[in-house]
Amino acid sequence: RRGVLLSAITSVKQLIEPLKWEHLAVPLVPEALATDLLEYPAPFLLGVSSQDLGSLGLLDSLPEDVTLVDLDIGRVILAPVVACDDEILDRGDQEADSAALRSQLLYLAHGLGAIFGSELKPSSWCTDSCVVPSLKAETSSSLSSSSSLRWGTLKNVCHAFMTELLAGTGSCCYLVEEKPLLKESTPPISEMESTVLFDEDRFMHVKNSRAQGRFQPLFSEFSKQNLALSLDDFDLVLECFLRCQSMSSFISTRTKKDVAFS
């Protein structure tokens with residue numbers, strides 16, 4: 001069962017591509033280090049085996065800002081407190097902001113869960129259809145093939161969501177290149193110092209416009225699903241997303257060909 005922890009954390013890293021997980025990730029946490037790592041002050045992905053002595057008691061007394069994903073029975077217990085850092089959300093009432101963000105995260109999870117379910121198990125979600133697919137006995141080879149297909153489908157849906165989440169980022173980036181002042185001749189491009197400035201207000205405007213259907217893609221892999229997030233429902237989610245380290249790294253690595261203004 002320990003291999004499930006390794007697979008799960010590795011999968012999370014793949015499902016958020018093209019973003020990269022920039023924080024602590026330990027697929028198999030030694031029992032002696034579990035308590036200390038759970039108090040880590042930055043985001044983390046930790047794999048704690050339920051077979052380790054004392055792990056059950058540890059999981060029952062998690063810090064209030066830690067979300068538990070139980071792979072044994074397939075459930076997620078969202079942290080009671082989210083965005084407890086003032087630098088993430090600073091709107092005056094930290095407790096109210098945290099509760100509102102938690103509500104938005106649950107709403108987002110519900111929406112994405114419905115999309116995952118309809119794509120992975122369409123027969124289970126199409127209960128109004130009078131046509132019931134026939135059930136066939138699955139051999140070991142068909143199970144393996146089915147698992148690969150489900151993983152591919154899940155990855156495609158996540159890729160579509162991440163693509164939508166990052167859509168318009170290039171139009172919000174401004175690349176500023178500066179040459180060293182001490183050199184009289186124009187330096188090579190490789191020696192130019194570049195800085196990427198990001199327009200957060202424009203990004204929010206783009207997200208809201210896409211949610212309202214003002215920007216329609218020429219080709220859409222999931223045309224029946226609206227994966228755009230509106231400011232009315234997910235303003236706090238988008239605000240936290242802009243301030244996460246993965247997004248900051250993604251923006252800072254943009255090149256001249258990736259941005260609209262330079």
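Buried here means under 20% relative accessible area, exposed means over 50%, and partly exposed is anything in between (1.4 Å probe, protein chains only). With that in hand, here's a quick tour. This is a predicted model, where local features need pLDDT of at least 70 and side-chain atom pairs count only at pLDDT 80 or more, while totals for chains, interfaces and linings use all residues. Residues are numbered from 1 along each chain as its sequence is written, and side-chain values use heavy atoms, with hydrogens and water left out.

**The chain overall**
- You'll find nine helices and six strands in the chain; helices (H or I, at least four residues) and strands (E, at least two) are DSSP runs, numbered from the N terminus.
- The chain has 262 residues, and 31% of them count as buried.
- Take the contacts (heavy atoms within 4.5 Å) between residues at least 6 apart in sequence: 59% of these join residues at least 24 apart.

- Glu17 and Pro18 are joined by a cis peptide bond, with omega at about 15°.
- Pro18 sits in the loop between helix H1 (2–15) and E1.

**Helix H2 and its two sides**
- In helix H2 (residues 31–38), the buried residues are Ala34, Leu37 and Leu38.
- These residues cover an arc of only 90° around the axis, so they lie on the same side of H2; the arc is that of the directions from the helix axis to the C-beta atoms.
- Ala32 and Asp36 are exposed on the other side of H2.
- What do the buried residues of H2 pack against? Their partners are strand E1 (24–26), strand E2 (44–46) and helix H3 (55–59).

**Where H4 meets H8**
- Two packed helices are described by the angle between their axes and the distance between the axes.
- For helix H4 (residues 94–120) and helix H8 (residues 231–243), the axes come within 8 Å and cross at roughly 100°. Axes are lines fitted to C-alpha atoms, for helices over the stretch in contact, and angles run from 0 to 180 degrees between N-to-C directions.
- H4 and H8 are therefore roughly perpendicular to each other. Angles of 65 to 115 degrees count that way, with under 35 roughly parallel, over 145 roughly antiparallel and the rest oblique.
- H4 brings Asp97, Ala100, Leu101, Gln104, Leu105, Tyr107 and Leu108 to the contact, and H8 brings Asp233, Phe234, Asp235, Leu236, Val237 and Cys240.
- Val237, found in helix H8, counts as buried at 12% relative accessibility.
- Leaving out residues up to four places away in sequence, Val237 touches Leu101, Gln104, Leu105 and Leu108.
- Val237 and Leu105 are 132 residues apart in sequence, yet their C-alpha atoms are 7.0 Å apart in space.

**Cysteines**
- How many disulfides does the structure hold? The structure has zero disulfides, a disulfide being a pair of cysteine sulfur atoms within 2.5 Å.
- Cys172 is in no disulfide, and the nearest cysteine sulfur, belonging to Cys173, is 6.7 Å away. Cys172 counts as buried, at 0% relative accessibility.
- Cys244 is in no disulfide either, with the nearest cysteine sulfur, that of Cys240, 9.1 Å away. At 24% relative accessibility, Cys244 counts as partly exposed.
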